[in-house]
Structures are given as C-alpha cells and as structure tokens.
Amino acid sequence: MMRTRPLKVALLGCGVVGSEVARIMTTHADDLAARIGAPVELAGVAVRRPSKVREGIDPALVTTDATALVKRGDIDVVVEVIGGIEPARALITTAFEHGASVVSANKALLAQDGAALHAAAVEHGRDLYYEAAVAGAIPLIRPLRESLAGDKVNRVLGIVNGTTNFILDKMDSTGAGYQEALDEATALGYAEADPTADVEGFDAAAKAAILAGIAFHTRVRLDDVYREGMTEVTSADFASARQMGCTIKLLAICERAADNGSVTARVHPAMIPLDHPLASVRGAYNAVFVEAEAAGQLMFYGPGAGGAPTASAVLGDLVAVCRNKLAGSTGPGDSAYTRLPVSPMGDVVTRYHISLDVADKPGVLAQVATVFAEHGVSIDTVRQSGKDGEASLVVVTHRAADAALTGTVDALRKLDTVRGVASIMRVEGE
C-alpha cells in the first residue's frame, strides 16, 4: 500500500544537471512514486541567481539561502549538484544534522573528504549516495559496492572523462593536433571554456580516488592519486602507437598489489592495444574495465557526462535512498576495513615506450642500451631511423618500475649523443 504523505526533496543547484533532476522528478512523478512506495515532492531549490527563468519549476520553491533550506527539518533527502568543496561540504553535513539523507554528484568533495562525510552520515543515521560522481549514467559505484561485495577486485582500468576521450579519439581518427581537437571539443560543448580540470587529469584523478576506495575497501584521497595530463600528447605519439598496434587513452588505473599489501591509483595517458575493449571507446563516451577474482573481467560502458545521463544516476540514488527512508534503514556505507597503504608512483610496474632524438652515428644504440641495463630496465624492442646526422630511437621496455625508468631517463639525458627525450608513454592493458 502506497504512503500518501510525500517524501520531501531539497535540490541544491539547478544548472545542467539540477534542472534535469527537477524535470524528471516532475515528468515521471507517478512512476517514481510507484517504485518508491510514496510520492516525492520537490520542496525547495537553492540557486545563486533567483531571477533566472527555470522552466517547470515553481518560482516559489526557489531560494538563495541553501543553509536555511537544508535546516528546515522536514526535508527527507537533499540532492547536491552544486559541485566544489565549499559550501557543498557544510551543506551536506548540515543536512545530516537536520535529519536528511544526501545524494551527491560531487566527485571533488568526495575524493577529498569522503571519509569525513561518511562518518557524519553514520553518526546521524543517514544515507550518502553518489553514483553520479563517477562516469555519469554508467552504473558503476553500486556494482562495486554491492554486486561485487562478495568478490575481490584486483584492478579497475577506465576512461572516466568524456572530454579527454573525445580529444584523443579525434587526434587518432583524423590526425588532428591537440589544439585543433580541443577547439572542436569546445565548439561542440564537450570542453569547458577552461578545460584544465579535464585535460590535466584532475577530474579523472578525483574519480580514481573514489573508485579505488570502493574497490579495495581502503582510504584513498585525491592527494594519493598520481596525475599526469594529456596536453603533451602529439600526432607523432599516435603514429608510434599505431606502429605498435595501439591507440592512446587517458586512463584512470587502480590496482591492488600482487601481495595484497598495498594499492596504487594513477591517471595518465597510455598506449593500449587495439584489441583491448577500451581501445574501441569513441567520442565522449566513458568505459570502465573491472577485473575481479571470481567474476573475472567486466566492462561498464556508456555516456559519462551531460545533464540527462548524470540526472539518471542521481534519480537512481534518490529512489534507493527514499526506499531506505520508508524502510527505516540505511544502505551500505563506507567500507575501509583493509586499511591498505597507497604506494607511490615509483613502485608502479608497467611497460614504457620512449622516443629519443639522438646523433646518427655508430655506437649510439650501444650507449643507450648500456644505460638501460645499468638501471635494471630490460629492453623489448628498438627501432631506429635517421639521416643527415640526426636520428630517432624508439625503445619499448619490458615491465619495469617507474622509479627505475625515471633513473634511466635522467641518465640518458646526460649522454652527449642524446639530443633530447621526445616522449615517454606507458603501455597498459596487456
């Protein structure tokens, strides 16, 4: 039997995502009520510019006082889609203190202060759900937190930023340079006017921190994630990748050490074989590849951003939280029982593709090979070409620790015959 008294929802933010949340709540009100077991009512919308016309939203619901809204006491669920650290953090904790559960899409805040927010939710007996914080509409957090709760996840490898994937895909498929591809992404609305958070990997790093914490049941903060942007990737890098049967993606990689003693989390461009499922992810789409001990290899694919896809994830969480509210319970919370340390990037072991500009004369290859051997880095393949006294030397290594490779490159730069290091790129997914 359906409860007639509605569950009241406060919406913090009414931009691209927030307006879609409000629209779906209105247009699918009957379906949502049937799925929850009670109607849901939009009880207030906090915004910065109240004069802006918001189609489908009663102006009487609009307020600029977000704090007063979450303090009302009759709010059952607060949906936070304003982003950033403050005032979002204060508003979420205030919501818990005044009896509301929270649905958030705030990856930056969760990556930085997720542990404290979870602790506040537990203290006040409330839910904190955030499926929309990672990979938009793609169901990922709930499968990791619930469906795979009985399994052991060893690796999460994914494309979690649509803007960067669009740019790299355009460079690969058309031969465009980085700036040309970025300009197109901006014109199509995939890239912000200031794309720094995307192209320098900050957005993906926040998502990697969240995914690693959930997958490995440990504390991983944004500061623990190694981050390298993709602004230095060139058309020449794609040409080299094609020669290896690879393409280039900006990847978020979270791994459990073989001895189970630590985890790593990193974001950087990487060559990935064309036969890997992630290599075929095109345009602004996201995909995440999960490797679990019993389940094996799983892939989650779909639109990773945008108003409607992200709102879909928010509404899925809203339904779950409202059901918990009616049942007098809370859903699964933070799980960090393993307390595994996060290893530094220097300990990460992978393959490398290094392009060197060298003098075109006898003995250069022997000198370079000696430096690799002295630092314990084994060479897999070498390709050399050149004329008129200048040459290009491409070295692909076997798996080596990042620290060993860094020492190798530092030593190579000191050789008189090495004019410069054109590029260094990791090779993943093999």
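Start with helix H4 (residues 88–97), which lies across S1, strand S4 (77–80), strand S5 (101–104) and S6, and runs at about 150° to S5. Helices (H or I, at least four residues) and strands (E, at least two) are DSSP runs, numbered from the N terminus. Axes are lines fitted to C-alpha atoms, for helices over the stretch in contact, and angles run from 0 to 180 degrees between N-to-C directions. Contact means heavy atoms within 4.5 Å.

The model is predicted: local features need pLDDT of at least 70 and side-chain atom pairs count only at pLDDT 80 or more, while totals for chains, interfaces and linings use all residues. Residues are numbered from 1 along each chain as its sequence is written, and side-chain values use heavy atoms, with hydrogens and water left out.

**The sheet.** Select the six strands of the open sheet, in the order S3-S2-S1-S4-S5-S6; their pairing is parallel. Strand S3 (62–63) and strand S6 (128–129) are the edges, each pairing on one side only. Two strands pair if DSSP finds at least two bridges between them.

Next, select strand S1 (residues 7–12). Strand S2 (residues 40–46) runs parallel to S1 and is joined to it by six bridges. Look at leucine 11, whose bridge partner in S2 is valine 45. S1 also pairs with S4 in the parallel sense, over four bridges; here alanine 10 stands opposite valine 78 in S4.

**Histidine 268.** Move to strand S10 (residues 263–273) and select histidine 268. Its relative accessible area is 0%, so histidine 268 is buried. The side chains of histidine 268 and arginine 266 are joined by a polar contact of 2.9 Å. A polar contact is a pair of N or O atoms within 3.5 Å; within protein, one must be able to donate a hydrogen and the other to accept it, and residues adjacent in sequence count only if both atoms are side-chain atoms. Leaving aside neighbours within four places in sequence, the contacts of histidine 268 include Tyr226, Glu228, Met345 and Arg426.

**Two helices.** Finally, select helix H5 (residues 107–123) and helix H10 (residues 202–216), whose axes come within 8 Å and cross at roughly 50°. H5 is therefore oblique to H10, since angles under 35 degrees count as roughly parallel, over 145 as roughly antiparallel, 65 to 115 as roughly perpendicular and the rest as oblique. Show Lys107, Ala108, Leu110 and Ala111 in H5, which meet Asp203, Ala206, Lys207, Ala209 and Ile210 in H10.

Note on methods: Buried < 20%, exposed > 50% of the residue type's maximum accessible area, 1.4 Å probe, protein only.
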